[in-house]
Amino acid sequence: MKRTAKQPALGDIQRLMFDCLRRPLTKDECLQPRTARGRSTADLVATFIKPNDRLTSFERLELYAQQYWWRLLGSFSEDFRGLRAVLGEKKFDRLALAYIEAQPSRSWTLRNLGERLESFLLAHPAFTAPRTRLALDVVRVEWARTVAFDGPERRPIHPQKLAGADAASVKLKLQPHITLLELTHPVDRLFAKLKRTAQDQSASSNAVSAARASRRARVDVRPSRAPIHLAVHRVNCSVYYKRLEPEACILLSAIQSGATLADACGVAFLGSKKKTGDITASISKWFATWTELGWLC
Amino acid sequence: MAATRFTAGSDYGVGIGLRIPHYAHILEKKPVVGWFEIISENYMCEGGRALAVLDQILEQYRVVQHGVSMYFGNSSRPNRDHLRKLKRLVKRTGTPWLSDHLCWGSVDGTYSHDLLPMPYTWEAVEKTARNIREVQDFIGIPVAVENLSSYAEFHASEMTEWEFLAEVVERADCGILLDVNNIYVSSINHTFDPRDYLAGIPHERVAQIHLAGHSRYAKYLLDTHDHPVCDPVWEIYKRAIEACGRTATLLEWDDKIPSFDEVHAEALKAEKYLPAAKSKKRAA
């Protein structure tokens with residue numbers, strides 16, 4: 001084995017190769033012919049990758065670049081099917097490329113690839129215009145689905161323990177897999193519609209082209225007149241949506257923020273014109289449901 | 001024979017990779033399977049269906065963990081958050097050893113999610129061995145490192161792939177997960193003789209063997225895990241078993257996954273080459 005006097009540092013080789021393969025592919029899904037600084041990519045790649053008798057250095061690296069982009073775009077597309085259906089194929093693909101280029105994966109798991117999508121869309125509304133508000137709602141729900149799918153689950157509080165608790169001092173917690181959302185569009189219904197569309201398509205002939213299928217899958221939904229409060233949660237390993245009354249959502253948010261039970265109930269009905277009896281009945285009903293669902297811990 | 005310090009004394013025969021399309025069949029029919037290999041990252045979560053299924057599998061079967069994102073060959077040190085989650089899963093599964101790849105995959109905290117090939121340099125030997133030792137010390141069970149299928153080679157390389165592998169495992173004092181399909185794929189892509197590869201590695205360190213299928217393109221082979229094992233790969237497997245003795249063997253099938261019975265039958269073909277348990281002793 002030869003020990004050569006001076007080799008490029010391992011970190012430098014890895015950084016150089018990674019920078020090359022992360023450059024977005026051309027429309028033909030090839031490596032860009034020029035680097036970001038205008039240098040010939042082929043010349044640059046030839047400085048660190050060997051050619052063989054069948055492939056140039058450029059072609060060998062291209063295999064890795066294609067795998068990188070196909071894998072990340074595929075994962076992103078899987079995680080945001082609703083957004084894809086709302087935006088349509090072309091617009092979604094442009095967004096996916098821009099997002100991954102700007103916000104590459106910072107986690108060992110692709111599960112987290114979309115965690116910064118909401119903030120990216122807020123900063124770059126042009127990618128979703130004119131349906132930015134709907135797109136944001138959809139992304140919030142789709143990320144909440146990811147959290148609900150495999151988020152932690154604590155031991156739920158026993159109803160008897162809850163019944164005997166001192167509301168002025170007891171602080172409950174919400175299951176970590178639950179996300180509470182306030183939406184401007186009925187995204188839960190949009191997903192139900194999307195699911196039906198997908199089922200209809202899967203039952204049809206597979207002779208339909210992919211492009212045609214994607215046009216069929218595009219869905220729309222009108223804004224709601226009033227905000228929609230939605231809990232995205234998990235029961236028996238399945239993810240569900242549950243609509244909440246506004247006060248119930250405030251109450252749960254307060255619990256999530258660490259308020260005592262009494263304070264959470266108080267803030268939920270602050271300024272409410274409801275009768276005390278009605279408020280008590282609502283709270284009793286909600287807590288019965290939430291404990292049954294195992295939401296409180 | 002499989003029971004060495006690199007397998008924590010366990011003697012495993014033929015197993016298959018646990019894959020989602022087979023969950024229902026396995027849980028319902030409870031087929032007799034030597035052991036299952038799981039992809040660690042699929043279960044390094046804190047709740048949900050994956051862990052629920054895993055717990056049911058663990059009630060019936062032996063499980064060995066295989067990872068895809070530790071990136072032993074990174075210039076930087078292993079990710080501590082990843083290690084903590086991995087250790088938690090190891091406690092849950094009771095895996096006697098765990099494996100991951102001889103590759104790199106992230107730079108400055110940005111991840112490729114790919115198994116990228118190593119430049120075979122002395123600096124890479126040292127850093128990779130350092131990272132494996134760190135993982136092994138932290139997790140507390142033997143680690144086996146798997147050779148890759150690769151599609152590129154570096155001008156900077158100072159040794160062959162098998163020399164690199166041998167140097168790394170000796171310095172890290174770890175086992176080898178020998179993927180015989182990867183040897184074949186790389187031998188075609190980089191034009192070397194698989195027999196040289198087999199002859200150049202420390203056989204006593206081979207803790208496990210992987211079998212898989214690949215796809216053939218005009219100018220290269222791609223490690224796709226979507227076909228049965230081809231004859232040249234069985235030939236390499238046969239020679240590997242002759243050299244290493246009875247070794248835990250695992251079939252990977254990750255795409256275009258056929259029925260459980262088809263995958264299992266393909267894996268069981270390996271038994272033809274495996275000596276019976278405890279038929280031959282191997283120093284470790």
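Guide: A cavity is, on a 1 Å grid over the protein atoms alone, a set of points where a 1.4 Å probe fits but cannot get out, and lining residues have an atom within 4 Å of a point. This is a predicted model, in which local features need pLDDT of at least 70 and side-chain atom pairs count only at pLDDT 80 or more, while totals for chains, interfaces and linings use all residues. Residues are numbered from 1 along each chain as its sequence is written, and chains are lettered from A in the order in which they are written.

Visitor: How many cavities of 30 Å³ or more does the structure hold?

Guide: Rolling a probe the size of a water molecule over the atoms shows where empty space is left. Here there are 3 cavities of 30 Å³ or more, where a volume is the space filled by probe spheres set on the points, joined across faces, edges and corners.

Visitor: Which residues line the largest cavity?

Guide: The largest cavity, with a volume of about 70 Å³, has a lining that includes B:L102, B:Y120, B:E161 and B:F164. That lining divides into 6 nonpolar, 2 polar and 1 charged residues, where Ala, Val, Leu, Ile, Met, Phe, Trp, Tyr, Cys and Pro count as nonpolar, Asp, Glu, Lys and Arg as charged, and the others, Gly among them, as polar.

Visitor: What supplies the largest share of the lining of the second largest cavity?

Guide: Strand β4(B) does, with 3 residues, strands (E, at least two residues) and helices (H or I, at least four) being DSSP runs numbered from the N terminus. The second largest cavity holds about 40 Å³ of space, and its lining divides into 3 nonpolar, 5 polar and 2 charged residues.

Methods
Side-chain values use heavy atoms; hydrogens and water are left out. On a 1 Å grid over the protein atoms alone, a cavity is a set of points where a 1.4 Å probe fits but cannot get out, and a pocket is an open set with protein on both sides within 12 Å along at least five of seven lines; lining residues have an atom within 4 Å of a point.
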